[in-house]
Amino acid sequence: MAETGRLRLSATAPLGLPLRPVTALRIAIIVAVVVIWEAVSASGWLYRDVVPSLAAIGKALYATLSDPTFYFHLGTTAYEIAIAMVIGGLSGLAVGILLGGSKFMSRAYEAYLYYLGPCPKIIFFPIMIMWFGTGPGSKIALGAVSCFFPVALSVAAGLRQIDAVLIRVGRSFRANPVQMALKIYLPAMREPVVNSFRLGLGVAIIGVLLAETKLSNRGLGFMVIDAYSHFDMPAMYALIIVVFALAVALNTALSQLARGGGPASGAGALS
């Protein structure tokens with residue numbers, strides 16, 4: 001009789017390849033993008049420096065990371081994003097739990113979130129400037145508003161997927177709404193909550209950087225638009241790479257948080 005194990009392909013080196021197919025495909029895509037970029041840069045099809053060579057971008061990236069003022073701008077943007085995530089994320093979490101835990105509140109108010117969620121938040125920026133001024137406050141406000149909607153909607157949807165047994169256990173212990181939220185809802189939907197914050201982080205970064213490009217004299221968004229205004233394309237692309245790398249790092253950290261540990265048992269949490 002043939003062994004079933006012989007029909008399985010190795011997860012680490014399928015078909016004799018040194019890399020897994022997914023990893024190999026990712027590397028191939030990166031290599032293809034690099035080759036195409038260099039080919040377009042050397043072709044002269046576009047205006048000079050619109051697509052600078054990777055060597056020029058590398059030099060600009062080194063110069064940017066070696067400049068002390070870059071870290072001042074980085075700190076400004078990081079501060080604005082962090083405060084926006086705290087305000088928008090926590091308020092979205094609270095509203096999501098409220099809507100997901102109450103059919104009446106969901107029917108009465110959730111439709112507003114679906115209507116306002118897709119609306120470009122940048123149209124509210126003039127109002128935020130009038131309310132919070134031209135400093136960091138207006139950038140934080142735009143980031144918080146951007147973050148709020150995906151967090152609230154994702155948490156509300158995730159709460160509805162909780163096992164009904166856990167909810168009945170909490171009610172059998174006569175847990176109040178705060179206890180239900182802290183000891184039943186949040187532990188049971190750890191992954192949806194973290195994923196909602198991953199979505200919120202992405203749009204918060206977009207909101208803060210977009211606000212900085214519109215009206216600011218500090219921050220990474222300001223640096224990008226300043227490099228563009230001086231037609232310093234290598235520096236602009238270098239800054240874009242930095243922003244992309246930071247966003248990937250933060251998203252990866254949140255992804256690892258979602259994978260670490262499973263939902264707590266409602267009975268164990270309330271006992």
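Predicted model: local features only at pLDDT ≥ 70, side-chain atom pairs only at ≥ 80, totals over all residues.
Ile87 lies in helix α3. Leaving out residues up to four places away in sequence, Ile87 touches Ile140 and Ala144. Its C-alpha atom is also 8.2 Å from that of Phe148, although 61 residues separate Ile87 and Phe148 along the chain.

Now the helix pair. Two packed helices are described by two values, the angle between their axes and the distance between the axes. Here α3 covers residues 68-101 and α6 covers residues 136-159. They pack at about 30 degrees, and their axes are 6 Å apart. That angle makes α3 roughly parallel to α6, because angles under 35 degrees count that way. The crossing of α3 and α6 is right-handed. What classes of residue make up the contact of α3 with α6? There are 19 nonpolar, eight polar and two charged residues.

Next, the cores. The largest nonpolar core has 36 residues. Which of its residues touch the most other members? They are Met85, Ile97, Val155, Tyr185 and Met189. The elements giving two or more residues to this core are α3, α6, α8 (177-188), α9 (190-214), α10 (220-229) and α11 (233-259). Take Tyr185 from that list. Setting aside neighbours within four places in sequence, Tyr185 is in contact with Ile97, Leu159, Ile162, Ile167 and Met180. Another core, of seven residues, lies apart from the largest one, and its members include Leu99, Leu113, Phe148 and Leu153.

Is Glu110 buried or exposed? It is buried, because its relative accessible area is 5% and the cut-off for buried is under 20%. Not counting residues up to four places away in sequence, Glu110 touches Leu99, Met105, Leu153, Ala156 and Arg160.

Last, a residue in a loop. Phe231 lies between α10 and α11. Its phi is near 55 degrees, which is a positive value in a residue other than glycine. Phe231 counts as partly exposed, because its relative accessibility is 39%.

Conventions
Residues numbered from 1 in each chain as written. Heavy atoms only, no water. Axes fitted to C-alpha atoms, helices over the stretch in contact; angles between N-to-C directions. Helix = DSSP H or I, 4+ residues; strand = E, 2+ residues; numbered from the N terminus. Parallel < 35°, antiparallel > 145°, perpendicular 65-115°, else oblique. Left-handed = near helix turned anticlockwise from the far one by under 90°. Nonpolar A, V, L, I, M, F, W, Y, C, P; charged D, E, K, R; others polar. Core = buried A, V, L, I, M, F, W, Y, C linked by side-chain atoms within 4.5 Å. Buried < 20%, exposed > 50% of the residue type's maximum accessible area, 1.4 Å probe, protein only. Contact = heavy atoms within 4.5 Å.
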